[in-house]
Amino acid sequence: MADNKSATLRLGDKDIDLPIYSPTAGPDVVDIRKLYAEGGVFTYDPGFTSTASCDSTITFIDGDKGELLHRGYPIDQLAGKSHYLEVCYLLLYGELPTGAELEDFEARVTGHTMLHEQMTFFFRGFRRDAHPMAIMVGVVGAMSAFYHDSTDIADPWQREVASIRLIAKMPTIAAWAYKFWIGQPFIYPRNDLDYAGNFLRMCFAVPAEEYEVNPILSRAMDRIFTLHADHEQNASTSTVRLASSSGANPFACIAAGIACLWGPAHGGANQACLEMLEEIGTVDRIPEFIARAKDRDDPFRLMGFGHRVYKNFDPRATVMKQSADEVLDLLGIDDNPKLQVAKELEKVALADPYFAEKKLFPNVDFYSGIILEAMGFPTSMFTPIFALSRTVGWISQWKEQLDDPEHKIGRPRQLYQGATLRDYVDVEDR
Ligand code: ACO
C-alpha cells in the first residue's frame, strides 16, 4: 500500500514522518496510525469529514464531479442497463456475473425469500401502530435467534449464507412490517416473480384478489433499489462496520445499520422531504420556506437538499427525477402538486446564491418519495425501502471488512473537555 510518499508533522521539536498512500481514484490519504505511539497526540475530526476509516474496493464517489461508481461502473449505466440483483452480485463479488453466474445467484436468493414461520408470531408481538422501520430494526436483529446456523463469522460458508439470507428476506420483512401496520394478512413470497415484482406483490396483494405486477412499476421499483444499493462509508455503513468490528453477528450488524439509517439526516430524509413538500403545498409558498432554510436562527432545512460528499450534483437524483416523470406519466398523474412544488423548489433554490455558495443540490431523496407515493406507498414505508435496498451495500462492506487481515475493533479517541480528577463528595455534604 505504501507509495514512497510521506508528510512530515512537526510536533514541538520532533518531526514525525507519516506515509501517504495514493488510491486508484480520489485524494491521497495520510496514514496517521503511528501518530499516538510516536507523537503522543490524537487527531480531532468530529463527523469524520477528513478521515478514511478503511480501505475499500467497492464504491467510489467523486463529490465534485457528481460521480458514483460501483466497482468502477457508473451508477447511471447500472440504473439504465443492469438490474438490482445483478448489481448485488457486482457489489458482493467484485465483477459483473456471466449469464450462468447470474442465474445461479438469482436462484440462490430466490430460494431464501421465505421467513421462518415462527417469525410471524414475532411480528404479531409489535404494537399495532408500530412504525415499519421500528419493526424492521427488531425483526432483523431477531434473525440471529431464528438463523443461528449462519452467525459464525469465522466460517466463510456461514458468512455467505447469512449474506444471501439477508438480501433475500429483506423484501419479505419490509412488506410484512407494512402489512402488519395496515392490518392486512401477510402475503408470502412468490418465487416465479422477480425481486422487485415480488416485493410489490407482497406489499399490495390481498388473498381475496388476484394481483398483477405492472412491469413498468416493477422496473421503477428495481431502479429505486439499484440507486440506493451502496454509497461507500456513509453513517449507516460505518455503523455496520463499527458494530462488526467487535465480531458481532451479521444480523445484529445490519440491524444497527437500519437503526442509523432511520435518522432524518440520512435515510429518513425521503419521508421528511415528502412531508415538507406536503407542508409547502403550493408553489406560491416556496419563498417563505426558502427564507426559513436560509435563516440561521431557524432549524428548518430543505429536506432532500445537500449532501456530505456531493458538492455539484447527486447523480442518483438525476435518474430519480427521470423515473418520477415516467412513473407519474404511466399512472396518468400529470398534475401531482408535490411534483410541481418539488420542481419549482429545485429551480428557485438552485438560482439562489445561498444554496449555490454552500453547494447544496437535490439529493437522491428529493424525488424518490414522489415516486414511492405515486406507487401507493405511505411515507412510513420510504425508509424501510431504503433499508431493503442498502442491505446489499452493508453486507458487501461487512464481508470486505472481515476479509481484511488488518481489520481491528473500531475505537475512536476523544478530545476530553470534562472535569479533571476530583474526590467524591457524600450526598449530605453537597
Ligand atoms: N437546507 C438549508 N441549509 C443547509 C442544508 C439544507 N438542506 N444542508 C446544509 N445546509 C447548510 C448548513 O446550515 C450549513 O450552513 P453554515 O455553514 O452557514 O452553518 C452548511 O449548509 C453546511 O451544512 P452541514 O450540516 O455542515 O453539512 P453536512 O455535510 O454535515 O450535512 C446533510 C449534510 C446532513 C445531508 C445536510 O445537507 C442536511 O441536513 N440535508 C437535509 C437532510 C437530507 O436531505 N439528508 C439526506 C442525505 S442523502 C442520504 O442520506 C441518502
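Which backbone lies 3.2 Å from a nitrogen atom of the ligand? A backbone N or O atom of Ala265 lies at that distance, 3.2 Å, from a ligand nitrogen atom.

The model is predicted: local features need pLDDT of at least 70, side-chain atom pairs count only at pLDDT 80 or more, and totals for chains, interfaces and linings use all residues. Residues are numbered from 1 along each chain as its sequence is written, and side-chain values use heavy atoms, with hydrogens and water left out.

View 1. Of the 920 Å² of accessible area that the ligand has on its own, the protein covers 75% (Shrake-Rupley method, 1.4 Å probe; for residues, only the protein chains shown count as cover).

**View 2. The shell of residues around the ligand.** The ligand is surrounded by 21 residues, each with a heavy atom within 4 Å of the ligand. The closest are Arg296, Leu302, Gly304, Arg308 and Lys358. By class, the shell holds 10 nonpolar, 5 polar and 6 charged residues (nonpolar: Ala, Val, Leu, Ile, Met, Phe, Trp, Tyr, Cys and Pro; charged: Asp, Glu, Lys and Arg; polar: the others, Gly among them).

**View 3. Thr282 in the loop between helices H12 and H13.** Thr282 lies between helix H12 (269-280) and helix H13 (286-294); helices are DSSP runs of H or I with at least four residues, strands are runs of E with at least two, and both are numbered from the N terminus. With a relative accessible area of 40%, Thr282 is partly exposed (buried is under 20%, exposed over 50%, partly exposed in between; 1.4 Å probe, protein chains only). The side chains of Thr282 and Asp284 form a polar contact of 2.6 Å. Lys338, 56 residues from Thr282 in sequence, is 8.1 Å away from Thr282 in space, C-alpha to C-alpha.

View 4. The protein has 18 helices and 6 strands, and 46% of its 430 residues are buried. Its accessible surface comes to about 21500 Å², of which carbon and sulfur atoms contribute 53%.

How values were computed:
Polar contact = N/O pair within 3.5 Å; in protein donor to acceptor, adjacent residues only side chain to side chain.
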